[in-house]
Amino acid sequence: MLDDFFKQCSASKISTLCAQLISMSKQAFAVNNGNIPKWENAISMIKTQNSGALNYVAPYLNIHAKNIDKDDLEFSLKQLMPWRKGPYQIGDLQLDSEWRGDMKWDRVVPHIQSLKGKTVLDVGSGNGYFTYLMAISGAEMALGLEPFLLFNYQFQAIRTLIKNPPNAFVLPLRLEDMPDEAVFDTVFSMGVLYHQKDHMAHLYKLKNMLTKGGELVLETLIIDAKDGDQIIPEDRYARMRNVWCLPSTDTLHTWLKQTGFSKIKLVDVTKTTPEEQRATHWIGNNTQSLQDFLDPNDDTLTIEGLPAPKRAIFVCQK
Ligand SMILES: C[S@@+](CC[C@H](N)C(=O)[O-])C[C@H]1O[C@@H](n2cnc3c(N)ncnc32)[C@H](O)[C@@H]1O
């Protein structure tokens, strides 16, 4: 299966190594995760549904499956909650995830090189919403890396429902697990840098995986210059535990330059709104979202008193 996915593209030389890594990480995950039987059962139930063709009808990644059993499918997909990334529509079932991924995609697409025929890496892909969009946009292959096992099951659930899925795949791996091979024409790191303890190691690794002249699309949380060069949260940030760096756009520009990228362009800065990140019934019992993470009296601040989430998109070349 993996060989088919990697076939003929410039990344085929890493396919065997990826297969070995996956086998190792699956064993590690299986030991640590008691939810696997529930998730496997959900996938088995989803397999009994009809599949359909995939396309993008914003905001939804739309699967045109006819005669699905909507209640049954909703029940099965809800065994895989929380659905952070999406939204998806399967038949007439709308899976409204916490995030409106289409809003980020709209900000990214006008500024990047065409993905037609490209070999693309989507680091921190979550359940593959963007990985699918990359493939639909014409990528020869789009590989997502996502260490959080549940999101791999969500990817599998969606893939099960697609008739003739495009050449997109999500593997349960971290960026740092990957071999240093320059095989990807475009590398996306969206919403991942601030989760890294060592941001420069992340940037160097992204560069190592790009072909010469390849494009990096980097999206991450930033702060305004008036708030300093960077903030390293002492504790939580917008209730998230694992946020390690919030640079200003100037600081991030410097980091990219220090890594050796060229043609560095800041193409977008957008404040995250409750329209883009919202509580829905697809995120489970803990129904808190952005609105609950902001200061109730001042939406320019998080509940911890830090600048409210704002995201920048940089594009640059190796
Ligand atoms: C905030 S989400 C962003 C998802 C998606 N890329 C987006 O832009 O909406 C960050 C994801 O990156 C994953 N992640 C964190 N560190 C990673 C690493 N070192 N390698 C690959 N994925 C990582 C997390 O598990 C999480 O699913």
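Predicted model: local features only at pLDDT ≥ 70, side-chain atom pairs only at ≥ 80, totals over all residues.
Okay, one term before we start: a residue counts as buried when its relative accessible area is under 20%, and as exposed when that area is over 50%.

Buried or exposed, then, is E276? Its relative accessible area is 2%, and the cut-off for buried is under 20%, so E276 is buried. You'll find E276 in a loop, the one between β12 (262-271) and α10 (290-293). And what does its side chain touch? The side chain of R107, through a polar contact at 3.0 Å.

Next, the ligand. How many residues surround the ligand? There are 19, and the closest are K104, G124, E146, E176 and M190. Let me pick out some polar atoms here. E146 has a polar side-chain atom 2.6 Å from an oxygen atom of the ligand. K85 also puts a polar side-chain atom by a ligand oxygen, at 3.1 Å. With L175 it's the backbone: a polar backbone atom there is 3.0 Å from a nitrogen atom of the ligand. As for cover, the ligand has 600 Å² of accessible area on its own, and the protein covers 88% of that.

On to the rings. The structure holds nine aromatic pairs. Take W105 and F188: the ring centres are 6.3 Å apart, and the planes sit at 35°.

Which residues do ring pairs link into a cluster? W83, Y88, W105, Y129, F130 and F188. So W105 and F188 turn up again in that cluster. One more ring to look at is W282: K78 lies over its face, 4.9 Å from the ring centre.

The peptide bond from M81 to P82 is cis, with omega near 5°. The bond joining G86 and P87 is also cis, with omega about 5°.

And then positive phi. Which value does phi of N67 take? Near 55°, which is positive, in a residue other than glycine. N67 is in the loop between β2 and α4, and at 71% relative accessible area N67 is exposed. K263 has a positive phi as well, near 50°, and again this is a residue other than glycine. K263, though, is in a strand, β12. At 59% relative accessibility, K263 counts as exposed.

Last stop, the strands. Start with β1 (residues 52-57) and β2 (residues 60-65): they run antiparallel and six bridges join them. They form a hairpin with two residues between them. If you want a landmark, A53 has H64 in β2 as its bridge partner.

Then there's β15 (residues 310-317). How many of its eight residues are buried? Seven, so this strand is mostly covered. What does β15 pair with? Strand β9 (residues 210-222) pairs with β15 in the antiparallel sense over eight bridges, and there L218 stands opposite F314. β12 pairs with β15 in the antiparallel sense too, over seven bridges, with D268 opposite I313.

That's my tour, so let's open the model and have a look around.

Conventions:
Residues numbered from 1 in each chain as written. Heavy atoms only, no water. Phe/Tyr/Trp six-rings, centres within 6.5 Å; stacked < 30°, edge-to-face > 60°. Lys NZ or Arg CZ within 6 Å of the ring centre and 35° of its normal. Pairing = 2+ DSSP bridges. Helix = DSSP H or I, 4+ residues; strand = E, 2+ residues; numbered from the N terminus. Near = heavy atom within 4 Å. Polar contact = N/O pair within 3.5 Å; in protein donor to acceptor, adjacent residues only side chain to side chain. Areas by Shrake-Rupley, 256 points an atom, 1.4 Å probe, with all protein chains shown as cover. Buried < 20%, exposed > 50% of the residue type's maximum accessible area, 1.4 Å probe, protein only.
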